[in-house]
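I set out to record what I looked up in this model. My entries cover confidence, pockets, strand pairing and salt bridges.

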Amino acid sequence: DLASAEMGGVALSATDDFFAEKERLLLPGRGVFLPDEFTERGKWMDGWESRRKRGAGHDTCVVRLGVPGAIRALDIDTNHFLGNHPPFASLEATRIEGADDEAALARAHWVEVLPQSPLRPGSQNLFAVLVGESFTHVRLHI
């Protein structure tokens, strides 16, 4: 798992993580469900959860991979997200040498490695990736 926090992966930014923090994307294993846990923002969720766009656009999260490498497969896990899961996702990737500040991310050439794809609720959504390049960062769109 190139993006895992255990490997050094870091969630750098998200357009919105009001309900559940972007850092939870990188925790090992599948999300857990704690039925009696709440935060000041509502039900506690073990995964990234935005407020979901009600108008045009979508939310994104940029992750610096813990280990640069070729992405062969993706698991966009919606475990315990039932009725509040994003209906679609896509993924872009890039390679950045040196600092990955906002300016570097804005200049980066992003390659689509997963086109917009439907997601099932409460499921491991597994996808094969056919791009052979080595990447340092990914940008998840939901």
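The entries below follow that order.

**Basis.** I worked from a predicted model, in which local features need pLDDT of at least 70, side-chain atom pairs count only at pLDDT 80 or more, and totals for chains, interfaces and linings use all residues. I numbered residues from 1 along each chain as its sequence is written, and side-chain values use heavy atoms, with hydrogens and water left out.

**Confidence.** I looked up pLDDT, the predictor's confidence in each residue from 0 to 100. The protein chain averages 91, and 98% of the residues score at least 70. Among the elements, strand 9 has the highest mean pLDDT (98) and strand 3 (residues 42-43) the lowest (82). Strands here are DSSP runs of E, at least two residues, numbered from the N terminus.

**Pockets.** I took a pocket as an open set of points on a 1 Å grid over the protein atoms alone, where a 1.4 Å probe fits, with protein on both sides within 12 Å along at least five of seven lines; lining residues have an atom within 4 Å of a point. A volume is the space filled by probe spheres set on the points, which are joined across faces, edges and corners. The largest pocket has a volume of about 950 Å³. Its lining numbers 35 residues, and Asp1, Leu25, Asp75, Ile76 and Asp77 are the closest to its centre. Strand 5 gives the largest share of this lining, five residues. The second largest pocket holds about 210 Å³. I found 13 residues lining the second largest pocket, with Gly57, His58, Phe88, Gln116 and Ile142 nearest its centre.

**Strand pairing.** I counted two strands as paired if DSSP finds at least two bridges between them. Strand 5 and strand 8 run antiparallel, joined by five bridges. Asp75 has Leu126 of strand 8 as its bridge partner.

**Salt bridges.** I searched for a side-chain nitrogen of Lys or Arg within 4 Å of a carboxyl oxygen of Asp or Glu. The structure holds eight salt bridges. One of them joins Arg51 to Asp16, with the closest N and O atoms 2.7 Å apart. Arg51 lies in the loop between strand 3 and strand 4 and Asp16 in the loop between strand 1 and strand 2, so the pair ties together parts 35 residues apart in sequence. Asp16 counts as buried at 11% relative accessibility; buried means under 20% relative accessible area, exposed over 50%, and partly exposed in between (1.4 Å probe, protein chains only). Arg51, at 44%, counts as partly exposed. Glu92 and Arg139 also meet in a salt bridge (2.8 Å, N to O).

Technical notes:
Helix = DSSP H or I, 4+ residues; strand = E, 2+ residues; numbered from the N terminus.
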